[in-house]
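Student: I have a model open and want to read it feature by feature. Where do we begin?

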Amino acid sequence: MENYKHILLAVDFYENSETVTNKAADLAEKYQAKLSIVHVVDSLPITDAVYGTDIPFNMDLTAELMAGAKTRLVKLAERLGVPEDRLSLEMGSPKTEIIRIAEEKKVDLIVLGSHGRHGLGLLLGSTANGVLHHASCDVLAVRLQDN
Ligand code: AMP
């Protein structure tokens with residue numbers, strides 16, 4: 001098997017994300033691979049027309065969420081020695097954005113948790129499941145215990 005050259009860590013900053021992060025960092029070191037990190041700020045449901053009317057998209061809240069996420073992402077990157085051009089902070093559907101970034105960066109392995117926010121009690125959460133089904137590269141779903 002060829003060594004992995006570029007690994008993408010998908011981090012949700014949820015309770016268990018340290019386990020996933022450590023696994024991705026260990027693998028990158030073992031394979032001497034580049035490590036990139038993606039975090040996706042979930043798009044807000046208040047934009048959905050299903051709620052009926054004119055609830056305005058709250059730009060302040062969005063900007064605040066993005067700023068908070070950026071701070072955490074940069075802090076994590078500093079700790080892992082990942083340069084800023086290998087960080088992706090996106091907004092939208094985590095599954096879709098993780099796959100898009102993996103293709104854009106031509107990574108050969110995605111590392112994520114078996115479940116996080118969306119998958120408590122399930123063997124595989126929705127993001128992990130979606131990425132596993134649609135990614136064109138290898139995917140490692142790190143088994144996380146329920147808390
Ligand atoms: P889930 O399937 O949503 O329970 O999450 C499974 C795993 O997908 C998490 O452990 C993360 O590695 C990844 N993930 C979930 N949501 C996000 C997100 N918003 N940004 C980046 N990665 C995510």
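Tutor: With burial. Buried means under 20% relative accessible area, exposed over 50%, and partly exposed in between, using a 1.4 Å probe and protein chains only. Tyr4 is a case: its relative accessible area is 14%, so Tyr4 is buried. This is a predicted model, where local features need pLDDT of at least 70, side-chain atom pairs count only at pLDDT 80 or more, and totals for chains, interfaces and linings use all residues. Residues are numbered from 1 along each chain as its sequence is written, and side-chain values use heavy atoms, with hydrogens and water left out.

Student: What does pLDDT say about the chain?

Tutor: pLDDT is the predictor's confidence in each residue, from 0 to 100. The chain averages 87, and 81% of the residues score at least 70. Strand 1 has the highest confidence, at 98, and helix 2 (residues 59-80) the lowest, at a mean of 91.

Student: How many helices and strands are there?

Tutor: Helices (H or I, at least four residues) and strands (E, at least two) are DSSP runs, numbered from the N terminus. The chain has four helices and five strands. Their order from the N terminus is β-α-β-α-β-α-β-α-β. Of the 147 residues, 41% are buried.

Student: How many aromatic pairs does the structure hold?

Tutor: Rings of Phe, Tyr and Trp (its six-membered ring) pair if their centres lie within 6.5 Å; planes under 30 degrees apart count as stacked, over 60 as edge-to-face and the rest as tilted. The structure holds one such pair. Tyr4 lies in the segment before strand 1 (6-10) and Tyr31 in helix 1 (residues 17-31), so the pair ties together parts 27 residues apart in sequence. Tyr31 is buried too, at 15% relative accessible area.

Student: Which charged end sits over the ring of Tyr31?

Tutor: A charge sits over a ring if NZ of Lys or CZ of Arg is within 6 Å of the ring centre and within 35 degrees of the ring normal. Here Lys30 places its charged end over the Tyr31 ring, 4.8 Å from the centre.

Student: Now strand 1. What does the side chain of His6 make a polar contact with?

Tutor: A polar contact is a pair of N or O atoms within 3.5 Å; within protein, one must be able to donate a hydrogen and the other to accept it, and residues adjacent in sequence count only if both atoms are side-chain atoms. The His6 side chain makes one with the side chain of Ser36, at 2.7 Å. His6 is in strand 1 and is buried, at 8% relative accessibility. Contact means heavy atoms within 4.5 Å. Beyond its neighbours within four places in sequence, His6 contacts residues including Ala33, Arg86 and Leu109.
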